[in-house]
Amino acid sequence: MGITTTLPDPVAAHPELKWLQPVHAKGKEQLDAIGWPGRKTEYWLHTPITEALEKLPQTGGTDELPDLESLTAISNLDALKVIFVDGKFKPELSSDLSQYDCLSLVSQLDEGQQASFLQRINQTFDQALNAKDHIGAWQNLSMLSDGLVLQLPAKEKLEQPLHLIFIASQASCIDAPATRVICDLANGASAQVIEHYISLPGAEGSFFNQLTEIDLAQDAHLNHYRLGLEEDSSVSLTAVHVSLGQNANYDGFNIGFGGACKRNDLVIHHQQNGSHCELKGIYLPRGNEHIDYHTCLEHRVPECTSNEVFRGIMADKSTAVFNGRIHIHQDAQKTLAELSNRNLLVSPDAKIYTKPELEIYADDVRCAHGATVAELDEQARYYLQSRGINRKDAETILSFAFINELIDQIDLEPVAEHLRPLINEHFAKTLQQTGA
């Protein structure tokens, strides 16, 4: 069985999206030309996305949504909440956006905004993407149904964090509606954005396809949190593409709990001098889950800095992939770029494919990269057990300590406090399943 690229037309079910037909057609044209990656496709070498999509059930889920308020709430977080369920905006579950001129829903753009949106998408795909590598981005384009546009004027600060919640309530396949988020911050503007992914317990075999485009102008600053907390049977293709202006600052944090197959592409473009990128990530697959982070830091101009740190803990028979690339272009003199990837295997059957890359064409730079793979420290575990802590709790403590440094660096404290108990519960369930 192969994946067909003869996709349904999103406009058929939503006539109001007729203006998006040109980009739907462009996405489908590229999908037909490229084809879905196979086992020998280099950029997808260890991630069997085609097989995962073929195994998705076509039906299933829940007709009635549970209490989404409790499911999506982050305690002590005063935020603007925007909820999409199965790719469709849910105004009754979201904050009132009418008083915010800087926020617009893709499905509700007026004629002038539609033209600007189409122009923006065409520029992005013509300039920033390698078509064969970013199949998920073209899939997103072909099924784009809704999303959010944040356009923050110069020197403005979005006082409340923007909490975007994407929920899957039913099984789906590649014809599921796709969402797009665009964040444009003008000179000196600043904001905090949270992307929160959840699949409901009844949504066995859900599919997420979401892409975020970020453009930070001179001196703009964005804190960006991506929480991939879907169920273990979910499949997802998500991506973030960032363009940094002069002295702009992007601080990104990512966490993924794994799934049947999850792929995250993060591409950062240093377009003007003085920009800085902090990119952090945690991945925690278990069971037979698979998670893949592909990152690319494009240093195109002089005097830019980046610091990238990813840590993973693999349990049971899970698999993780980390491919981190730093590309220093010829004109990017006086670049400072560092990449660290550390991994912990808590099962002899778990796997990690890690590949840090440096590609340097400038001579006046300071760059470093490294990757490690290890097991739990037996001496540390013995020490904890000798103090009366049972083996399961000792392994939970050691696992949490391995990633806690990155949690502590989260600037938005309610997000950190929300993640800590979820991570502890995740570790406890993992050890319970393994009989530790």
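Author: Two strands pair if DSSP finds at least two bridges between them. Helices (H or I, at least four residues) and strands (E, at least two) are DSSP runs, numbered from the N terminus. This is a predicted model, in which local features need pLDDT of at least 70 and side-chain atom pairs count only at pLDDT 80 or more, while totals for chains, interfaces and linings use all residues. Residues are numbered from 1 along each chain as its sequence is written, and side-chain values use heavy atoms, with hydrogens and water left out.

Reader: Which residue of strand 17 is the bridge partner of T305?

Author: L336 is the partner of T305.

Reader: What is the order of the strands in the open sheet?

Author: The sheet has 10 strands with mixed pairing, in the order 2-1-5-7-9-11-13-15-17-19. Strand 2 (88-89) and strand 19 (365-375) are at the edges; each has a single partner strand, so one side of each lacks a neighbour in the sheet.

Reader: How are two packed helices described?

Author: By the angle between their axes and the distance between the axes. Axes are lines fitted to C-alpha atoms, for helices over the stretch in contact, and angles run from 0 to 180 degrees between N-to-C directions. Here helix 7 (residues 378-386) packs with helix 8 (residues 391-408) at about 130°, the axes being 9 Å apart.

Reader: Which residues of the two helices meet?

Author: A380, R381, L384 and Q385 of helix 7 meet R391, A394, E395, I397 and L398 of helix 8, where contact means heavy atoms within 4.5 Å.
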